Amino acid sequence: MSFDETIVRCSAPALCGIKPASLFSMSGECFDSGILRLKKWRAEFSRASRYVVPLKKDGGRVLFFVFDRPLLERVCADSKNRAYLEEKGYPVSRGFAAILSEILHRLAFRREFPHEVGLFLGYPLEDVRGFEKDSSAYKFAGFWKVYGDKAEAEKRMKLYKSCSEFCMKWVDAGLNVPLSIQKYIQKGA
C-alpha cells in the first residue's frame with residue numbers, strides 16, 4: 001500500500017472531523033516515500049485544526065497519531081473521561097496540551113502499550129474499561145472491541161468505514177489526500 005493509501009485508509013475519519021483521533025503504523029520505507037507530501041499537507045490540515053504526528057518507533061516502523069483537535073479536546077473535557085485519565089496518571093489539571101503531550105510521550109517511549117489510548121481514539125469509556133477488565137468478554141469487534149452499546153458502536157463503525165471508502169475512491173481517482181478529505185467534508189457525507 002502506498003503512503004497516500006495508508007494515510008487515507010487508516011486516518012480519514014479523523015482527518016474528516018468525524019473521529020477524534022486515529023493511530024496506525026507504516027514501514028519506514030513507506031514513510032520515507034511520502035515525507036515531502038506530508039510536510040505540505042500538514043499546513044493544510046492544521047488550518048482545520050487537524051494534525052498528523054509521526055512518532056518514530058523501533059523495528060523500522062513509524063507510528064502515527066492523527067487527530068482533530070476540537071473533537072479530541074471534547075473527549076478530554078468530559079468529566080468521566082477526565083477522572084479516568086487522572087486515574088491513569090495524566091496531568092488533567094494542567095489542561096488539554098499536557099494531556100496530549102502525555103499520550104504522545106507514552107506512545108513514543110513506553111514499552112507497554114497505553115490501552116487508555118482507546119479513549120483518545122473515540123472509543124466509549126465503557127469499552128475502554130471493558131477491554132482493560134477482560135479483553136475476551138466483548139459483545140462485538142470491529143474497529144474496536146465493544147463491551148457496551150453494540151448498536152451505537154456499529155453505527156459509528158459504519159460511518160468510519162464509509163468515510164474511508166469515499167476518500168479512498170477519490171485518491172484512487174487521482175486526488176491528493178487533502179483534496180479527497182476536503183471533498184468528503186463538502187459532500188456532507
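1. Ala 21 sits in strand E1, residues 21-27. Strands here are DSSP runs of E with at least two residues, and helices are runs of H or I with at least four residues; both are numbered from the N terminus. Ala 21 is buried, at 0% relative accessible area. The burial classes are: buried under 20% relative accessible area, exposed over 50%, partly exposed in between (1.4 Å probe, protein chains only).

2. On the basis of the model: this is a predicted model, where local features need pLDDT of at least 70, side-chain atom pairs count only at pLDDT 80 or more, and totals for chains, interfaces and linings use all residues. Residues are numbered from 1 along each chain as its sequence is written, and side-chain values use heavy atoms, with hydrogens and water left out.

3. What does Ala 21 contact, leaving aside its neighbours within four places in sequence? The partners are Ala 14, Phe 65, Val 66, Phe 67, Phe 120 and Leu 121. Contact means heavy atoms within 4.5 Å.

4. Fold layout. The protein chain has nine helices and five strands. Along the sequence the pattern reads α-β-α-β-β-α-α-α-α-α-β-β-α-α. The radius of gyration is 16 Å, close to the 16 Å from the globule rule for 189 residues, so the chain is as compact as a globular protein of that length. That radius is taken over C-alpha atoms, and the rule is 2.2 Å times the number of residues to the power 0.38. The C-alpha atoms fill a box of roughly 45 × 35 × 30 Å along the principal axes.

5. Packing and surface. Buried residues make up 46% of the 189 residues. Of the contacts with a separation of 6 or more, 53% come from residues 24 or more positions apart. The accessible surface is about 9900 Å², and 51% of it belongs to carbon and sulfur atoms. Areas come from the Shrake-Rupley method with a 1.4 Å probe; for residues, only the protein chains shown count as cover.

6. Charge. There are 32 positive and 23 negative side chains. The centres of the two sets lie 3 Å apart. Lys and Arg count as positive, Asp and Glu as negative; His and the chain ends are not counted. Each charge is placed at NZ of Lys, CZ of Arg, CG of Asp or CD of Glu.

7. Salt bridges. How many does a search of the whole structure find? The search finds nine. The criterion is a side-chain nitrogen of Lys or Arg within 4 Å of a carboxyl oxygen of Asp or Glu. One of them pairs Arg 37 with Asp 4 at 2.8 Å, N to O. Arg 37 lies in helix H2 (residues 28-47) and Asp 4 in helix H1 (residues 3-15), so the pair ties together parts 33 residues apart in sequence. Arg 37 is partly exposed at 32%, whereas Asp 4 is buried at 13%.

8. A strand pair. Arg 50 and Asp 68 form a salt bridge at 2.7 Å, N to O. Arg 50 belongs to strand E2 (residues 50-56) and Asp 68 to strand E3 (residues 61-68), so this bridge ties together parts 18 residues apart in sequence. Both residues are buried.

9. Arg 110 and Glu 102 meet at 4.0 Å, N to O. Arg 110 is partly exposed at 37%; Glu 102 is buried at 18%. Salt bridges with shared partners join Glu 102, Arg 106, Arg 110 and Glu 116 into one network.
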